[in-house]
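Thank you all for making time this morning. I would like to walk you through one structure, taking it piece by piece.

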Amino acid sequence: MHRLVRPRRGRMIAGVCQGIADRFGCSVVPVRVLTVASTVFFGVSILMYLLLWILLPEEG
């Protein structure tokens, strides 16, 4: 498993979903779908995304 970082490759906005997918060894598509769905239905996901964008180090 990889560390939880925001990769430079494969990112759409900030690389948070790509970093989570890389960390857990899964495809990025379900992570992005779950992020969008939870934002639309619950609204909390956008705060988590922004927080992770700030807190996760960029891949170096």
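This is a predicted model: local features need pLDDT of at least 70, side-chain atom pairs count only at pLDDT 80 or more; totals for chains, interfaces and linings use all residues.

A search of the whole structure accordingly returns zero disulfides, and Cys-17 is in no disulfide. Cys-17 itself counts as buried, because its relative accessibility is 9%, and buried means under 20%.

Where does Cys-17 sit among the nonpolar residues? It belongs to the largest nonpolar core, which has seven residues, namely Ala-14, Val-16, Cys-17, Ala-21, Val-28, Val-31 and Tyr-49. Helices α1 and α2 each supply at least two residues of this core, and α1 gives the most, with three. Tyr-49, another member of the core, is in contact with Ile-13, Ala-14, Gly-15, Val-16, Cys-17 and Thr-35, if we leave aside its neighbours within four places in sequence.

That brings me to helix α2, which runs over residues 28-41 and so has 14 residues; from its first C-alpha to its last it reaches 20 Å, close to the 20 Å expected at 1.5 Å a residue. Which residues of α2 are buried? They are Val-28, Val-31 and Thr-35, and because they cover an arc of only 65° around the axis, they fall on the same side of the helix. As a reminder, an α-helix has 3.6 residues a turn, so residues three or four places apart point the same way. The buried residues of α2 pack against α1, residues 16-24, and against α3, residues 45-55. On the face turned away from that buried side we find the exposed residues Val-29, Val-33, Leu-34, Val-36, Val-40 and Phe-41.

Thr-35 deserves a moment of its own, since this residue of helix α2 counts as buried at 19% relative accessibility, where the cut-off is under 20%. Not counting residues up to four places away in sequence, Thr-35 touches Cys-17, Ser-45 and Tyr-49.

As for the ends of α2, Ser-27 caps the N-terminal end, with a side-chain oxygen 3.3 Å from the backbone nitrogen of Val-29. After the helix comes Gly-43, whose phi is positive, near 80°.

Let me turn now to the segment before α1, which is where Arg-6 lies. Is Arg-6 buried or exposed? It counts as buried, because its relative accessibility is 9%. A polar atom of the Arg-6 side chain lies 3.3 Å from the backbone oxygen of Leu-56. Setting aside residues up to four places away in sequence, the residues that Arg-6 touches include Arg-11, Ala-14, Val-16, Trp-53, Glu-58 and Glu-59.

Finally, consider Asp-22, which is found in helix α1. With residues up to four places away in sequence not counted, Asp-22 touches His-2, Pro-7 and Arg-9.

Terms used
Residues are numbered from 1 along each chain as its sequence is written. Side-chain values use heavy atoms; hydrogens and water are left out. Helices (H or I, at least four residues) and strands (E, at least two) are DSSP runs, numbered from the N terminus. The expected span of a helix is 1.5 Å times one less than its number of residues. Buried means under 20% relative accessible area, exposed over 50%, partly exposed in between (1.4 Å probe, protein chains only). The arc is that of the directions from the helix axis to the C-beta atoms. Contact means heavy atoms within 4.5 Å. A polar contact is a pair of N or O atoms within 3.5 Å; within protein, one must be able to donate a hydrogen and the other to accept it, and residues adjacent in sequence count only if both atoms are side-chain atoms. A nonpolar core is a set of buried Ala, Val, Leu, Ile, Met, Phe, Trp, Tyr and Cys residues joined through side-chain atoms within 4.5 Å. A disulfide is a pair of cysteine sulfur atoms within 2.5 Å.
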